[in-house]
Every structure is written in C-alpha cells, then in structure tokens.
Amino acid sequence: MPQAAEFARQIEHTFKTPTAAVQSQEAVQLKSLLGQLRQVMQQLPTFATTSPTLVLKSSDRLVLLIDDDTDLIERMQANAPNWSIHLETATDLTLARQRLQYLTPDAIVLDLTFPNTTESGLTMLAQLKHQFPTIPVLVLTGLGDLTKRLEVTRLGANAFLQKPAMPNEVFQAVSQLLYRVDAINARLLIVDDDPVLLSLLQTQLQPWGFQVTTLADSSQFWQVLEVTTPDLLLLDVAMPMFSGIELCQVVKSDPRWSRLPVFFFSAHADADTLHRALAVGADDYILKPIVEADLMQRILNLNSCRHLK
C-alpha cells in the first residue's frame, strides 16, 4: 500500500502543475505512473479486505447480485428495502470475486452470460458451490432451455429464474431460499427407543446445520423438551413407557407447545396407525427405514408451507 500511495501522490502532483496543458514528456510520465499503479494494485490480493465493514439493520439480509444489466440493478436496488434486503452488486465475474473476498452474503443471484469475456457464469456457479456450499444461489438468466436448466441443477444451483423477471419476482425467489436456510438452522428433538437409529439420524442431519437432540428414554421427554425448546419434534410411534402418539397428545394439549410441528416415524403402514397419528395433530408420517433425502425434503416443505400461510 505505501508503494501504491507514492505512485498516486506523483500522479496527483503531475495534475497540479501550473502549465495550461500536460506536456508530451509529462504525458509519457503520467502514463508510466498509471501503469505502475495498476500493476501494484493487481499484486495486492488482500486489497479488498480493507473495504469498510457493512453496517446492516438487524433484520436485513445481505444479497449479492452478479449481473451486468444496469437497468435491472437500479430497479432491484430501489426494491431491496421493501424485502429487508441489503443488495450488493457486481457487474462482472472479476468484480464478484473481489466482493466475495470481504463479503459473506446470505444469498447470491447470478447471471450466466457476460460481455467481453469468454468465461461463463457456469464456471462461477461451480466455484461458488465449492467455496460457499451453504450459501444459496439463484441463477437468473435469459437461457431457459431444458439443457441449461439441467446443467445449472447439476452444478448445485438452489433455484432458477428466467429473464425477463421483475424485481419482486427475484426477491420472492430469494426470500424462499433464505427461509429454507433458516429451516436448516432449526432445533430438532428426536425421540426413539432405537439408539442405532438415533445415532444415524444425528450423523445425517447435523452436517446440514440442524441442532439435533436425541432421546431414547421417553420417560425423560418432558424435561428434555423444556430444556431444548425444539422447532420440530420427531417421534417414534411405538415405544416402551410412552408411545409417540401419547407424547404428541401431551404436547398438543399444552398451549405453550400446541403449535410445535410433529413428525412421526413408524414401521407400521396400516391405515389405523396413520389415522391415529393424524388425529392427535401430526404434521407428517414417515415410514421406516428413513431415507435422508426424503426426510430433508419433508422438513423443508413443512417450513415453506407454514411460511406461506
């Protein structure tokens, strides 16, 4: 930085000379100084980290828009406060990489095509999902054919929106992604008398960001419930001491917990057991053996439905 500052000082001094116009020799010197300054700046990979820290409202979410459409950028900047979003922008992929040296956005909106470069936004998408696997990425592009949609999905994009799109459409899609991420930060209480299953579920769900508490002894349920204050309760239907259906009845009868979502696990697929589970207020019924992807999708779907209501 001191070297760059010195070049900048010399450039400033050149412009302050009292002559009516920069002479030929000074012009050559100025061009040389500008070239040296540019070279020094390019050799400072940590330069972007000197940018001031953003000050956001506590309710604001930080979204990075990577798109060269200045009209869209202007309209989205105007609409962002209505969605409690602070919008940062980058008009090319190089600038986007610089932004990401000091920004950790809650979500990223990415176009796939940029002028004056042979690099595709698909390359950027792959890098983003590798470097920031937990940050949701919405691809916003005019390329809407099936082949492109499949390619984007395989690279890990979380959502796809085809241009032209209104700012409200984009922010609606971003908000849905952010709400899904919030769901993954949820606290789960899983009650099942099978310790092997409990260990398996904890291993599967914790990497997603869930805060998982497991309980094999249903007689300790109420104490653990009040300590953990879960966002979602997962109960085995058939357990010694107290069944999942009985525990669900107790939960739903207490005004403090009556709105707590409840999923049932069961190896029983008969209509009577399913009916009894739904009758006591279950939100979903999952057959054993439990498939991780299916469980994740059901949790996210539950959260989306409650958000829309």
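Okay, hi everyone. Before anything else, keep in mind that this is a predicted model.

Let's start with the sheet. A quick reminder: strands of a sheet pair through backbone hydrogen bonds, either parallel or antiparallel. So which kind do we have here, parallel or antiparallel? The pairing is parallel, and 5 strands line up as an open sheet in the order S7-S6-S8-S9-S10. At the edges sit S7 (211-215) and S10 (284-287), each with a pairing on one side only. On average, neighbouring strands in this sheet are turned by 20 degrees against each other, if you ignore direction.

Let's zoom in on one pair. S6 and S7 run parallel and are joined by 5 bridges. For example, Leu188 has Val212 in S7 as its bridge partner. Then there's helix H9, which lies across S6, S7 and S8 and runs at about 170 degrees to S6.

Now for the cores. The largest nonpolar core has 22 residues, and the ones touching the most other members are Val191, Phe221, Leu233, Leu235 and Phe264. Which elements give two or more residues to this core? They are strands S6 (187-191), S8 (232-236) and S9 (262-266), plus helices H9 (221-228) and H10 (244-253). H10 gives the most, with 4 residues.

Have a look at Leu233 on the screen. Leaving out residues up to four places away in sequence, Leu233 touches Leu189, Val191, Phe221, Val251, Leu260, Pro261, Val262 and Phe263.

And there's a second, separate core of 21 residues, with Met76, Val109, Leu140 and Val170 among them. That's me done, thanks!

Note on methods: Residues numbered from 1 in each chain as written. Predicted model: local features only at pLDDT ≥ 70, side-chain atom pairs only at ≥ 80, totals over all residues. Heavy atoms only, no water. Core = buried A, V, L, I, M, F, W, Y, C linked by side-chain atoms within 4.5 Å. Buried < 20%, exposed > 50% of the residue type's maximum accessible area, 1.4 Å probe, protein only. Contact = heavy atoms within 4.5 Å. Pairing = 2+ DSSP bridges. Axes fitted to C-alpha atoms, helices over the stretch in contact; angles between N-to-C directions.
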